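Here's a quick briefing on charged side-chain pairs. Have a look at the sequence and the structure first, then read on.

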Protein chains: 2
Amino acid sequence: MARNIFKYSDCPMHRSMAILGSKWKPIVIYALRERTARFGQIHAIIGSISKKVLTTTLKELEEDGILNRTEYRELPPRVEYNLTDKGRTLIPIIIQLAKWDNEHYEEKREKLETTP
Amino acid sequence: MARNIFKYSDCPMHRSMAILGSKWKPIVIYALRERTARFGQIHAIIGSISKKVLTTTLKELEEDGILNRTEYRELPPRVEYNLTDKGRTLIPIIIQLAKWDNEHYEEKREKLETTP
DNA sequence: TAAAGTGGTAACCAACAAGTAACCAACAAG
DNA sequence: CTTGTTGGTTACTTGTTGGTTACCACTTTA
């Protein structure tokens, strides 16, 4: 979404889409909704995301103040991610969006199924 | 957002982002929140969108059942757009998102302003 | 000695989104 | 006969996202 251009747009929708409007961001936020997780765990939970894309997704979410990254200097290394307060306030909106979609997706599927 | 791939994903977040997650869609929906408008009017309201991009934005929103397109065969031609019921249920979510962003954007601006 | 786990990075590439500029049909008004 | 209006379309270019594959340091385990 040309993130860096829209981040400081004067339109709040452009700005929030710069934070949320990419393929994996809402999913990553949702995955962290009630837990802290390590890089590898997030990767496993989501399944189909590549490591490279997960890396940049996490980095951008951290930049935007949505999540915290904590590095433990152990061996093998451990890095944990969890939502910030700002990130947490996003959860109800994400859930509402998913609910909205589900309702209308169901409607559509039902229509398709009952048409001859 | 690779719209056609995610439209029928089994993840509701991918599906709703396929509908909403592009540069202009939330803005167009918001512009039509309480009125019907013609192509040229939408173009004027939004200002910086190109006619080509507005055309595809409107077409996709119509395909996804978010808005109605009504063509009046007059001269010069008249085409009106307005939200469907499904589209209207999206408005409170869009407003919430904008509000969410504004709150945290203000916070950030205030912090920047009060730092030496 | 070799393999495996962790959290990445680098190089490269295909697909898509978005933008620019010119153009169109159809008629009405001047 | 030219100009304006409306709602687009076409061709072309650029920018961004997401993806693949290979690779890295470091240490523990087998």
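Is Arg88(B) buried, partly exposed or exposed? Arg88(B) counts as partly exposed, because its relative accessibility is 41%. Keep in mind that this is a predicted model. Across all chains, the count of salt bridges comes to 24.

**The pair within a helix**
- Arg88(B) forms a salt bridge with Asp85(B), with 2.9 Å between the closest N and O atoms.
- Both residues sit in helix α6 (residues 85-88) of chain B, three residues apart, which is about one turn of the helix.
- Asp85(B), at a relative accessible area of 57%, is exposed.

**A pair linking distant parts of chain B**
- Glu63(B) and Arg3(B) meet through their side chains in a salt bridge, at 3.2 Å from N to O.
- This one ties together distant parts of the chain: Glu63(B) belongs to helix α5 (residues 51-63) of chain B and Arg3(B) to helix α1 (residues 3-6) of chain B, 60 residues apart.
- Arg3(B) is buried, since its relative accessible area is 10%, and the cut-off for buried is under 20%.
- Glu63(B), on the other hand, comes out as partly exposed at 48% relative accessibility.

**Another pair in chain B**
- Glu71(B) and Arg73(B) also meet in a side-chain salt bridge, with an N to O distance of 3.8 Å.
- Glu71(B) is partly exposed at 42% relative accessibility, while Arg73(B) counts as exposed at 77%.

**A network in chain A**
- Salt bridges link Arg3(A), Lys7(A), Lys25(A), Glu60(A), Glu63(A) and Asp64(A) in a network.

Conventions. Residues are numbered from 1 along each chain as its sequence is written. Chains are lettered from A and ligands numbered from 1 in the order in which they are written. This is a predicted model: local features need pLDDT of at least 70, side-chain atom pairs count only at pLDDT 80 or more; totals for chains, interfaces and linings use all residues. Side-chain values use heavy atoms; hydrogens and water are left out. A salt bridge is a side-chain nitrogen of Lys or Arg within 4 Å of a carboxyl oxygen of Asp or Glu. Helices (H or I, at least four residues) and strands (E, at least two) are DSSP runs, numbered from the N terminus. Buried means under 20% relative accessible area, exposed over 50%, partly exposed in between (1.4 Å probe, protein chains only).
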